[in-house]
Amino acid sequence: MSVAKPLPHDAARLHVTGAARYVDDTPTPRGTLHLAFGLSQVAKGRITSLDLAPVRSSPGVVAVLTAEDLPFDNDVSPSNHDEPLLSDGTVNYIGQPLFLVLASSHRAARVAARKAVIGYAEETPLLTLDQALAADSRFEDGPRIYEKGDAAAAIAAAPRVVEGTFDLGGQEHFYLEGQAALALPQEDGGMLVNSSTQHPTEIQHKVAEAIGLPMHAVRVETRRMGGGFGGKESQGNALAVACALAARHTGLPCKMRYDRDDDMVITGKRHAFRISYRAGFDADGRLLGLEFTHLVNCGWAQDLSLPVADRAMLHSDNAYAIPAIRIESHRLKTNLQSATAYRGFGGPQGMVGIERVMDHIAHDLDLDPVELRRRNYYAAPGTATGDNTTPYGMEVSDFELHEMTAQLLQSADYAARRAEITAWNERHARLKRGLAFSPVKFGISFTLTHLNQAGALVHVYQDGSVHLNHGGTEMGQGLFQKVAQVAASRFGIPLEKVKITATDTAKVPNTSATAASSGSDLNGMAVMAACDTIRARMADHLARLHQLTPAEVIFDGGSVRIGATVEISFDEAAKLCYEGRISLSSTGFYKTPKLEWDRIKGQGRPFFYFAYGAALTEVVVDRLTGENRILRADILHDAGASLNPALDIGQVEGGYVQGAGWLTTEELVWDDKGALRTHAPSTYKIPACSDRPDVFNVALYDGQNREETIYRSKAVGEPPFMLGISAWLALSDAVASFGTTYPALNAPATAEEIWHAARRVSDGV
Amino acid sequence: MYNFEFEKPATIADAVAALGAEDAQALGGGQTLLPTMKQRLAMPTKLVSLSGIGEMQGVCSNNDGSLSIGGATTHATVAAEAAAQYPALADLASHIGDPAVRNRGTIGGSLANNDPAACYPAAALGSGATIVTNAREIAADDYFQGLFTTALEEGEIITGVRFPVPEAANYQKFLQPASRFALVGVFVAKFADGVRVAVTGASEDGVFRWSEAEQALSASFSPEAVNGLQVDPANMMGDIHGTKEYRAHLIGVLTKRAVAAAS
């Protein structure tokens, strides 16, 4: 059975040789036009004059479109209809698309786009959380509040209290392949769109609205993305819609891709937060009451900010049973790029909040931080003596972290290393090493319950080969391979017999984004359903041919055994069924069970289950400069019964490094006009291969999902990102060794931030 | 990029003649100039490549113990050929940019450009080098005149650089992690008659000598000698990669590191 085998990514060879085709590699018909947006140069105001004559006369330009030229809906928002494709005259951030240039080449379009002469009536932009809060500039009427018990009273009665406020920066997705789309007009006015998107159905929906046709007239195909990370959940809409509009306008194929600088300036990023906390606890470190305030920088449009901010609230407990908690979340509207989905979808920000509280309490009590965490853990299944519910009232019934923590501490030799590091630090004044543990408990399911559905389409051809299609998209994570392994296992055939095909809205309709880590869970189940339907039909027919029951027909090892004596190849079985006029094609459908969620009350069961992880990171810090290195990371991650351990470990490694990058080197800087100053890899530092820990031990926890998921596996896309929090905590631990006060690190903890923190700790500055 | 003429003379004399044309520009390794031209931030009518001039290539020792480096010598060549005579200089050259930059970029090009975050200006000023042009010799102390500004006249070519070889020297560079340019770089050189300390990357006026540290280190060449000395943050650069205070502080740290590594 191919499920659970550590097989390489299905396109690994194509990726490495360069043969893998992305949107921009797709051969285009002669006459294809190339598009570029003209971008706003001011952060807030109104356009008073727009002279496009120099753009139109620029070499290679075929047409220039403004909002007035758009025939139907001028909107690319995934949520609130507040995001015009082209400015309606109002300008909301530096980088906002104002007009669209159609030209004979990518370069000609970009060159022309810069030639517009634009007059603005500038207004004072809201750029910071403080400015937005003061102006009461926000999404939703007021803050969202989730509560359990009376946190204020619990804190007032608590023997000890810590409090603090810290800033948590955003993050650029930095997918290797930038945003891209290609639209091919069809004979009947319809549109075929090739898009680098995590959400083909959304592209279909927005394109259909923009060109005034039903969804059936628009077909979207996505073979693969070169990375998504959430940045292609809604941010691809603008390019695909622009291409479709331009194709409709000219009757010619149209392609658009953002140059990297444009991509960084135009598209949304991870939400930056400011988190304030007040925690009451007893002398043993048990949390009694906790209050969080989240200030969320959403940027100019709503996009996915509400569910992102919700998910931050839903992860403010992380792995800890907190008797009384209040979380207040302000979704602030500013004149910056509209922040969007990013791996973890707010979960990481919420989790950093509570892990910061744990770090602070451990420092306050001078208690081993791992021991503190364990004392506050939710109860293991079957061991709860009292309340074991989350702040939103969901029973935690699959808590694996007691065992996982014990295993990781042992395999990583925690106690001995802690002692050795303490001794080492006493001998060294300038360099200090730090060691920190952090757990992950991440809720799996879309919090918008209706999104938790998926479809699949499977064909068995008369030669026994299988065509596989489902609604999930491949962004490098290996989803297609994992789902193909499921299909091969259902038919008992070798993986090579299963053909993986591009995601296509004409094959599987009404799909959800490949997001919320749900790809394998949802699509794996839908494919299983489709395969099982076909297999049952085949078994029924073959059984009848031999006067047996379907239960006596076994699909295994590329063969079909019919009763005790007959064995034929799967290929022969397919041929027999075809000749017996058996339908060898089926759709499959899945919807996640048990979900019930009221996001306004903050009550219910938003998640089917939780995925867990545990990480221990060791760092070294130089007091004089703030320079630092991750020396070692040990990770134990829960992928349930893994569908493919090789791909899952790849996700864990990449997630950890990306999470650590977010909290250490990746610093987004806007100037006081609202212009993003870090819009290229020369100014924005993502982790490189050489930045990964020298010692990097990653293992999967030997368990299985307690809920009935596909082969009892667990989602693995987002959860490991939050293992990187341990790197930030390890830096805090190291800095704390320079003095006695709490370091109170902000994030990202750049070298300069660490230098400041070390000075605060050692000089009291 | 705008259109331009291209010439590749074989002698200094021919290069000087070619640079007489209006808006002509000398081309070293092109590691700064070509990207600038691609951005259309420069529009020379003619590029005069210096890479074909044999007399501007290579590293050699002089009778007085100093080291002469041709202006068109690449960083990679300096890294390889200066290693025996002036290891600190070779080490600096071996850490400029990446291999592509080191195989194309030249010492003359770097010094003529005088980028505030470049490494070579620190070596030249820190060593008290002499910049040799087709017309004259310029002491490093007179040569660097602010950001991207030097004593070079229009059409003047750096044909070579003459480095006195110190008793001990070291260069310490604090990398801006994304671009790997120097956020601050400090070159320390100890000569029989005193110590020179040159700082790049940090000041709003480009490379400069930290005279207080030089005095202290001339009296006692040890990291502790720098204790208590502090560069005034007011004149430092503050930008998205580091504050003035951080840069001023790093100068002290890197100076000590350089002294420790050199002594």
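A:P748 sits in the loop between α18 (725-736) and α19 (751-763) of chain A. Helices (H or I, at least four residues) and strands (E, at least two) are DSSP runs numbered from the N terminus. A cis peptide bond, with omega about 5 degrees, links A:A747 to A:P748.

This is a predicted model, in which local features need pLDDT of at least 70, side-chain atom pairs count only at pLDDT 80 or more, and totals for chains, interfaces and linings use all residues. Residues are numbered from 1 along each chain as its sequence is written, chains are lettered from A and ligands numbered from 1 in the order in which they are written, and side-chain values use heavy atoms, with hydrogens and water left out.

**Backbone details in chain A**

The loop between α18 and α19 of chain A also holds A:A744. A:A744 is not a glycine, yet its phi is positive, at about 50 degrees. Its relative accessibility of 28% makes A:A744 partly exposed. Here buried means under 20% relative accessible area, exposed means over 50%, and partly exposed lies in between (1.4 Å probe, protein chains only).

A:S445 belongs to the loop between β16 and β17 (453-460) of chain A. With a relative accessible area of 3%, A:S445 is buried.

**The two chains**

Chain A contains 19 helices and 29 strands. Its C-alpha atoms fill a box of roughly 80 × 80 × 45 Å along the principal axes. Of its 765 residues, 62% are buried.

Chain B has ten helices and twelve strands. Its radius of gyration is 18 Å, close to the 18 Å given by the globule rule for 263 residues, so chain B is as compact as a globular protein of that length. The box filled by its C-alpha atoms is roughly 55 × 45 × 30 Å, taken along the principal axes. Buried residues account for 53% of the 263 residues in chain B.

**Salt bridges**

A salt bridge is a side-chain nitrogen of Lys or Arg within 4 Å of a carboxyl oxygen of Asp or Glu. Over all chains, the count is 59 salt bridges.

| A:E420 | A:R433 | 2.8 Å |

A:E420 and A:R433 form a salt bridge. A:E420 is in helix α13 (residues 414-427) of chain A and A:R433 is in strand β16 (residues 431-444) of chain A, so the pair ties together parts that are 13 residues apart in sequence. A:E420 is partly exposed at 36% relative accessibility, whereas A:R433 is buried at 12%.

A:E627 is partly exposed, with a relative accessible area of 22%, and B:R257 is partly exposed at 22%.

B:R136 is in the loop between β6 (130-133) and β7 (137-139) and B:E156 is in the loop between α8 (140-143) and β8 (158-163), so the pair ties together parts that are 20 residues apart in sequence. B:R136 is partly exposed at 33% relative accessibility, while B:E156 is buried at 12%.

Salt bridges with shared partners connect A:R417, A:E420, A:R433, A:E618, A:R632 and A:D634 in one network.

How values were computed
Rg over C-alpha atoms; globule rule 2.2 N^0.38 Å.
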